[in-house]
Amino acid sequence: MMQAIGTVPDTAMLLDLYQCMLRLRDFEVKVQELYRSGKLPGFVHLYVGEEAVAAGVCAWLEPKDMVFSTHRGHGHALAKGVPGRDVMAELYGKVTGCSGGRGGSMHMYAPEYGFMGTNGIVGAGLPLATGAALSAQLRKSGQVSICFFGDGAVNSGSFHESVNLGTVWNLPVVYVCENNLFATEMAFSRATKNTSVASRAASYHLPGVEVDGNDVLAVYEAAGEAIARARNGGGPTLLECKTYRIVGHHEGDPGTDYRTREDLDSWKQRDPIKCFRQKMTSTERVSAEAFDDIVRETEEWLNDAVEFARNSPEPIAETVMDHVWAS
Amino acid sequence: MQNGMREITYVDAGVEALREEMARDENTVYIGQGIGPRGGNFRQTRGLWQEFGDHRLRDTGICELGATGVAIGAAMAGSRVIVDEVFLDFILEAMTQVIQQAAKTHYSSNGKIKVPIVIRGAMGSVRSAGSHHSHAFYSWFAHTPGLKVVVPSCAADVKGLMKTAIRDDGPVMFIEHKALYNSKGEIPTHEYSIPFGEARICREGSDVTLVAVSKMVQVAMEAATALEKHGISVEVIDPRTIVPLDRAAIATSIRKTGRVAILDEAPAMCGFSGEIFALACEECFDDLDAPPLRICSLPAPNPFSPVLENQMIPTVERVVREIRHSLEA
């Protein structure tokens, strides 16, 4: 249930945030297992460690709002409300997947849930999300467009051109940078002198906000303000969420050639799901039993998604040319 | 002038189509650099900003990547969009969005997301513009599944095909020719549109079929007039759209004449001329009296010197010479 901006989230919302993060985590851990055992074709980039960002942002979204995602996008799809079955079946390449098996991990589309696509090209979602916001503004639809991207995108021309256009046209878009400190293997601090993404907002004259991307309540609060601003005609916000992926860049990359074991371990200590649960139970805002119920539900939800995907039919080979043309 | 026809320039024919379609559907928006109050570098949006305002004529800075991506995103979200690269040459800044996003999203989304966008740009050589402003690389787009490719040669086709392009639910490359913008032609006074995939026989003939698009149609027509004096009857055919391609009309003409020449402002390698060459061999092999002939630009960047560029791009004289040579061989 949507809450007023600036209010403390109630217990139901706290549980929703937990459920969302846990689903994203368990889903990806399952994908990792399936991928390693050769069940899934293609390539997968897992969202493990970054769940607080998608959960905190998407908690504010209405079904009609639009999310543009990245190559690390399963979590964004799930957080926006795409059923686990549809996402898992797509990873299997099945006809019941959200892209009918034509897309895969990096080409998931579910506009019926306002999910406008994962994307195989770093930075490509930035102008697309900006354009969707332009369309929303022209149609006076009241929709907000959310663009997720990583630190790898912010040194590209797409970032500069899109944020500039979104700002000069005062569009209802929120630019959410998931700064996980590495573009594939390239450390952000080696890629740029200015490692504060939020500070770049000053160049374009839009609000820039930095939050701890592993703290779901911090993300939730900042995203609530940014989304309200966009929805109320106040234009875009650049929201930088500092986070970390505690897996490799893609499944198959150990992720330790360019990061130290110490760094990795210290970020694991800051696991967004464990930390949130710890904080909520120690302050007695949520009971351990309530969390445990969600753990059980999530397991059932995930088993159902995998069973559905596994039992779904393959696409019919002869349909390969369907949908090349819209008319 | 024929009854029911009037004269108009190639560029104004496009403006008319845009005006009619933007008035018909208020969900149509036009994005590009200098297309607002200025009315476009080529006057290709003259008067539209005054009529439809800032909201629907979105002037941008010089940012083809951002503007094209924004246009594609707006189309994905439910608007109908025309994005103007102005010079087609500048689309190189935005190619990733055209090929990776616009062309594929309908397919990859299993038909769930439409991308109704016209990507407009002017190609070709004009007044020694030099190597950065003179490309004729329209064939590149035809090589990408999902993109329709329109290359009009006259005012009537610009208007009729632009209307069809705007109403199409998928991405359409609308590629005009810089050197044709001020050329005049007759168009119907009544409202009309021209379907994609229908070639136009520009001139009937019996000895050789000459296939050309865009500005090369003009060259072909002048060459046909000159060749007539040498007793050679040329049938000139303009496919008008490369994708979809009217294979049947081209094949019918080749079967009739038994010979085909393809005239192209682009180089021969892996391009439109090779495609028509292949079509002739695949569909008309037994009807051919001679191998197909390609008359193309020489494979060099466009030089600045008019003397050099004139040597590079096919001229009327070269077309006449090569066709005469092939027939007399």
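Chain B of the predicted model contains 12 helices and 14 strands. Its radius of gyration is 20 Å, close to the 20 Å that the globule rule gives for 329 residues, so chain B is as compact as a globular protein of that length. Taken along the principal axes, the box filled by the C-alpha atoms of chain B is roughly 60 × 45 × 45 Å. Of the 329 residues in chain B, 57% are buried. Among contacts in chain B with a separation of 6 or more, 78% join residues 24 or more positions apart.

The pLDDT of chain B averages 97, and 100% of the residues score at least 70. For the model, ipTM is 0.97 and pTM is 0.97.

The interface between the chains brings 35 residues of chain B into contact with 32 residues of chain A. On the chain B side, helix 3 (64–76), helix 4 (95–102) and helix 5 (105–108) each supply at least two of the residues that touch chain A. Helix 3 of chain B gives the most to this side, with 9 residues. By residue class, the side of chain B that touches chain A comprises 12 nonpolar, 19 polar and 4 charged residues.

An open sheet of 5 strands in chain B has the order 9-11-10-13-14, and its pairing is mixed. From one strand to the next, the twist averages 25°. Strands of a sheet pair through backbone hydrogen bonds, in either a parallel or an antiparallel arrangement. For strand 9 and strand 11 (residues 234–238) of chain B, the sense is antiparallel and the pairing extends over 3 bridges. Within chain B, B:Ile201 stands opposite B:Ile237, a residue of strand 11. Helix 12 (residues 316–328) of chain B packs on the sheet, where it touches strand 10 (208–211), strand 13 (260–267) and strand 14 of chain B. The direction of helix 12 makes about 160° with that of strand 14 of chain B.

The peptide bond from B:Val243 to B:Pro244 is cis, and its omega is near 0°. B:Pro244 is located in the loop between strand 12 (241–243) and helix 9 (247–257) of chain B. B:Ser214, a residue other than glycine, has a positive phi, near 55°. This serine, B:Ser214, lies in the loop that runs between strand 10 and helix 8 (215–228) of chain B.

In chain A, a positive phi of about 75° is found at A:Leu181, although A:Leu181 is not a glycine. A:Leu181 belongs to the loop between strand 3 (173–179) and strand 4 (182–183) of chain A. Because A:Leu181 has 18 C-beta neighbours inside 10 Å, this residue counts as partly exposed.

Terms used
Residues are numbered from 1 along each chain as its sequence is written. Chains are lettered from A and ligands numbered from 1 in the order in which they are written. This is a predicted model: local features need pLDDT of at least 70, side-chain atom pairs count only at pLDDT 80 or more; totals for chains, interfaces and linings use all residues. Helices (H or I, at least four residues) and strands (E, at least two) are DSSP runs, numbered from the N terminus. The radius of gyration is taken over C-alpha atoms; the globule rule is 2.2 Å times the number of residues to the power 0.38. A residue is buried if 20 or more other C-beta atoms lie within 10 Å of its own, exposed if 12 or fewer, and partly exposed in between; C-beta atoms are placed from the backbone. Two residues are in contact if their C-beta atoms, placed from the backbone, lie within 7 Å. Ala, Val, Leu, Ile, Met, Phe, Trp, Tyr, Cys and Pro count as nonpolar, Asp, Glu, Lys and Arg as charged, and the others, Gly among them, as polar. Two strands pair if DSSP finds at least two bridges between them. Axes are lines fitted to C-alpha atoms, for helices over the stretch in contact, and angles run from 0 to 180 degrees between N-to-C directions. pLDDT is the predictor's confidence in each residue, from 0 to 100.
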